[in-house]
Structures are given as C-alpha cells and as structure tokens.
Amino acid sequence: MPELPTIRLGSTGEYVRLLQMNLNGLALNYNNFAINGTYDAKTMAVVKEFQDRFEMESNGIVEAHTWSILIEQVKHVQKQLNIHGYHVGYPDGWYRASTTSAVERFQQNHGLQPLGIVDPRTRRKLFNPHPQDTIEKRPSSNDLNSLHPHVAMLAKRFLELTRTHNIDVRITTAFRSWDESDRLFAQGRTTPGPIVSNARGGDSYHNWGLAFDAALIENGQISNDIRKYFTMGHLGEQLGLKWGGTFKSIVDYPHFQYTFGLNTWDLLNGVIPPK
Ligand SMILES: [Zn+2]
C-alpha cells in the first residue's frame, strides 16, 4: 500500500473522500457530513469519536495509526461478507460501491434496512457467533437486575455510597432496549426534537447491560444542580465506573458505565464480557 497522507482540518483530495467513505460505511456518519473530499469540522468530529472508540489520542488528525485501524475495520467487514458468500473481491480496506452493494444484499436477505452501511444490527448479524442470544429483543428496564451482574453490584455500591453522602439518587434507566435507542437516535434526525444521542440500537452500553443512568432528586424533583452531579460523578468514579460527565462528544451527567475494556463493536462482533 502506498504511504497514506496525513489528514487534518482543511485537507482536501481523493484520500479525504476515501476516508469519508470508510467512516460512512462503518455507520459513523451520525452528523451527516458530506462525502466531498474536504476534511471539515463535521468529518473531524467523527474521526475523534472513532479514535476514542479505539483508545487512541482523540486529536482528529488522521495519521498512520488511525489509517491502519480504519482500513483494518473495513477489511474485517469485507472478509466477513466474503465468508457469507456476498463477494466483494479482495478485501482492500476501502468501502467502495462493491462493498456497499454487498452489504445491501446481505441486509435484504436478513430482514434489515438495506442502507448499505454496517449499522449495529447489521454488524451483529454479520459477525455474531451466538445467534441464540437475543439481547436485541429484550425490553427496557430500570431494575438493576437487568444489568450485567458485576455492573449491578457496582450500581448497588454506588447507591449506598451516595446515601452515605446524603445525596438522593434514583436509577432512571438500566438496560435500554435496542428499539428505544433507535428511537432516541432518530430524534432530531428523522423525527422532531433536538439531537440527544449518537448511538443507534446496539451502539450504547445500555443495550448490553453495562450502563445505567442516575437522577439526582431534590425536594421530590430531578435536580438541575450541576455541582451536585459532579459530586455524584466523582463518587461513581471512585468505584471504577466511567462517568458520562467526562464524555467528549455528548456530555451525559446522569450516565455511568463499566465496559470491561470492550467497545460496542467488540460486543456486536460477539465478544462476551466476563461474568
Ligand atoms: Zn446513559
């Protein structure tokens, strides 16, 4: 492979367009950037999210390491399409028309929306080696027992800790159904209202029982006191939870997660968190 150019804000040309096609094909175009060969702020926001997903420095500059992981991810999809008999030819790591049309055919044959991009439900169908597991059909719940056992234990300890600090906390969401996440993703995009989420069904840790949301209650109502949320967030962090108040894309004060070092693509690809 020829040496790939470093891409930064303002870069233009064919490699920017290929970058945009790869990101779009991997269902990361949640902010509707244009595939036009110009590396603008919208495309860069998606690159930062991608770098964060793979625990790279989230600086929005596309250098050798970011290129290699991105191309590897597309190759992974292409190889899997070939295995399933949806031939894309040699897996070259570029998400061009042949990959798009193979994904569309795969989606048509599996009752999925034929969008031609590897959205989470498509990824799950394409990779998941545990077809008997139907987590994508489970209903939403605010019961801690709907969570992974280790995360449920952490959530219970978190509630005890907040109580000893005289903070009144209520769990508002534990497991979230994939359909509910799809509805939240649609809001501000295809349905009315502001954008509240960049995660389709399957792309949120809530969809795997690895996250919960906690509301602060004051005088019987949900508090808007940001300082108190910081106190609550730090208590969660003491237990090893990752707090949504530290998120880079959409800051999410009520949110806590425990990921076992797995990203949602690992989970969709069939990696099971330890019990
Ligand atoms: Zn949340």
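Me: Which residues does UniProt list for "domain: Peptidoglycan binding-like"?
Reply: The unreviewed UniProt entry lists residues 12-70 and 72-126 under that name. The coordinates discussed here come from a predicted model.

Me: How much helix and strand is there over residues 12-70?
Reply: Residues 12-70 are 54% helix and 0% strand.

Me: At what angle do helix 4 and helix 5 pack?
Reply: Helix 4 (residues 97-109) and helix 5 (residues 120-127) pack at an angle of about 80°, and their axes are 11 Å apart. Helix 4 is therefore roughly perpendicular to helix 5. Helix 4 contributes Val103, Phe106 and Gln107 to the contact, while helix 5 contributes Thr122, Lys125 and Leu126.

Me: Let us turn to Gln78. Where is Gln78 placed?
Reply: Gln78 belongs to helix 3, which covers residues 64-83.

Me: Is Gln78 buried or exposed?
Reply: Gln78 is buried, because its relative accessible area is 2%, and buried means under 20%.

Me: What does the side chain of Gln78 reach?
Reply: The side chain of Gln78 reaches the backbone nitrogen of Asp92 at 3.1 Å. A polar contact, also of 3.1 Å, joins the side chains of Gln78 and Thr99. Neighbours within four places in sequence aside, Gln78 is in contact with Val88, Pro91, Asp92, Gly93, Trp94 and Thr99.

Me: Which residues does Asn22 touch?
Reply: Beyond residues up to four places away in sequence, Asn22 touches Leu70, Ile71, Val74, Gly93, Trp94 and Tyr95. Asn22 is in helix 1 and counts as buried, at 0% relative accessibility. Gly93 and Trp94 are also among the residues in contact with Gln78.

Me: How far apart are Leu9 and Tyr39 in space?
Reply: Their C-alpha atoms are 5.5 Å apart, although 30 residues separate Leu9 and Tyr39 in sequence. Leaving aside neighbours within four places in sequence, Leu9 is in contact with Tyr39, Asp40, Ala41 and Met44.

Me: A change of topic: what does UniProt annotate over residues 200-258?
Reply: The unreviewed entry carries the annotation "domain: Peptidase M15C" for residues 200-258. Over this span the chain is 22% helix and 25% strand, and the end C-alpha atoms are 19 Å apart.

Me: Which residues are the protein donors of the zinc ion?
Reply: The protein donors are His206 through NE2, Asp213 through OD and His255 through ND1, lying 2.0 Å from the zinc ion. The spacing of the donor residues in sequence is H-x6-D-x41-H.

Me: Are His206 and Asp213 buried or exposed?
Reply: Both His206 and Asp213 are buried.

Me: Where does Leu241 lie, and what does Leu241 touch?
Reply: Leu241 lies in the loop between helix 8 (226-238) and strand 4 (242-243). Leu241 is buried, with a relative accessible area of 4%. Not counting residues up to four places away in sequence, Leu241 touches Leu154, Phe158, Phe212, Gly236, Phe256, Gln257 and Tyr258. The C-alpha atoms of Leu241 and Thr259 are separated by 8.7 Å, with the two residues 18 apart along the chain.

Me: One item on the backbone: what is the phi of Asn166?
Reply: Asn166 has a positive phi of about 55°, although it is not a glycine. Most residues other than glycine have a negative phi. Asn166 is found in the loop between helix 6 (149-164) and strand 1 (169-173), and it is exposed, with a relative accessible area of 75%.

Me: And what is the phi of Asn219?
Reply: The phi of Asn219 is positive, about 50°, and Asn219 is not a glycine either. Asn219 is found in the loop between strand 2 (211-218) and strand 3 (221-222). At 82% relative accessibility, Asn219 counts as exposed.

Notes
Residues are numbered from 1 along each chain as its sequence is written. This is a predicted model: local features need pLDDT of at least 70, side-chain atom pairs count only at pLDDT 80 or more; totals for chains, interfaces and linings use all residues. Side-chain values use heavy atoms; hydrogens and water are left out. UniProt positions are given in the numbering used here, feature names are shortened, and annotations may be inferred rather than shown by experiment. Helices (H or I, at least four residues) and strands (E, at least two) are DSSP runs, numbered from the N terminus. Donors are N, O and S atoms within 2.8 Å of the metal (3.2 Å for Na, K and Ca); water is not among the atoms, so sites may look incomplete. Buried means under 20% relative accessible area, exposed over 50%, partly exposed in between (1.4 Å probe, protein chains only). A polar contact is a pair of N or O atoms within 3.5 Å; within protein, one must be able to donate a hydrogen and the other to accept it, and residues adjacent in sequence count only if both atoms are side-chain atoms. Contact means heavy atoms within 4.5 Å. Axes are lines fitted to C-alpha atoms, for helices over the stretch in contact, and angles run from 0 to 180 degrees between N-to-C directions. Angles under 35 degrees count as roughly parallel, over 145 as roughly antiparallel, 65 to 115 as roughly perpendicular and the rest as oblique.
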